[in-house]
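Me: I'm new to this one. Could you show me how to read its features?

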Amino acid sequence: MSSALRIHWTIAPEIAPRPLINCNRCGCVKAYRCGGKFRVNANGKRIDVWLIYRCVDCDNSWNFGIFERCNRRDIAPALLAALESNDPVLVRSHAFDIVALRNQVGRVEEFPDAAVRKQVIGEMKEDATALELQLGLEMPVSLRLDRLLANELGISRSRLQALDERRLLTVEPDGAKALRKPAREGATIRIDLAGEPDRRIIISAAGG
């Protein structure tokens with residue numbers, strides 16, 4: 001693939017996962033959405049911090065624990081200031097922490113919606129006949145790799161499968177089975193488009 005165009009895709013999930021919680025107002029399990037604010041409670045030298053969630057139907061609150069009974073000296077002043085000011089970047093990092101949410105509630109509703117930023121690596125090759133896509137994730141996403149490629153390249157998943165069967169598409173690591181799994185950090189996808197009549201359209205889509 002000496003004429004491959006190398007492109008880095010940065011993938012950012014757009015909708016935060018929602019914990020599924022037994023709402024005592026609704027009387028059944030409901031999805032809770034992130035409210036975008038922290039609650040910081042200081043009791044002497046001890047600090048508790050929660051990220052506030054709200055039931056999507058009745059607005060009942062639930063606290064997602066960030067720090068519990070933590071000594072004030074163990075929290076950096078800059079971090080504490082960010083928590084107290086509801087820093088949006090910090091809110092986002094905790095709201096998308098699917099592992100921590102699952103550890104606290106077990107069941108979590110995930111969404112595949114994601115934004116993709118594309119940057120050509122090195123020089124733009126007008127005569128490129130292949131693609132090398134390098135994936136970077138702002139945070140884990142549930143979007144399957146085949147769906148990501150289909151959406152961003154403008155081709156069907158069945159065509160991706162056909163390219164794989166003809167050994168014109170490779171994924172590192174994990175190989176073809178990675179197509180049916182969520183996109184992962186550091187994955188590299190190589191697609192040989194030399195024999196495809198619409199390769200220029202596909203390559204243009206890949207570069208944004």
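Predicted model: local features only at pLDDT ≥ 70, side-chain atom pairs only at ≥ 80, totals over all residues.

Me: How many residues are in the largest nonpolar core, and which have the most contacts inside it?

Reply: The general idea is that in soluble globular proteins, nonpolar side chains tend to be buried together. Here the largest nonpolar core has 33 residues, and Trp9, Leu131, Leu135 and Leu145 have the most contacts inside it. Elements giving it two or more residues include strand 1 (4-13), strand 8 (130-137) and helix 4 (145-153). Helix 4 gives the most, with five residues.

Me: What is Leu135 in contact with, leaving aside neighbours within four places in sequence?

Reply: Its partners include Trp9, Ile11, Leu145, Leu148 and Ile189. There's also a second, separate core of 26 residues, with Phe38, Tyr53, Leu83 and Phe96 among them.

Me: Which residues of helix 1 are buried?

Reply: An α-helix has 3.6 residues a turn, so residues three or four places apart point the same way. In helix 1 (residues 77-84), the buried ones are Leu80, Ala82 and Leu83. Seen down the axis of helix 1, the buried residues fall within an arc of 160°, so they line one face. They pack against strand 3 (28-43), strand 4 (46-55), strand 5 (61-71) and helix 2 (88-95). Turned away from that buried side are the exposed Pro77, Ala78 and Glu84.

Me: And where is Gly106 found?

Reply: Look in the loop between helix 3 (98-105) and strand 6 (108-109). Gly106 is partly exposed, because its relative accessible area is 42%, and buried would mean under 20%, exposed over 50%.

Conventions:
Residues numbered from 1 in each chain as written. Heavy atoms only, no water. Core = buried A, V, L, I, M, F, W, Y, C linked by side-chain atoms within 4.5 Å. Buried < 20%, exposed > 50% of the residue type's maximum accessible area, 1.4 Å probe, protein only. Helix = DSSP H or I, 4+ residues; strand = E, 2+ residues; numbered from the N terminus. Contact = heavy atoms within 4.5 Å. Arc of directions from axis to C-beta.
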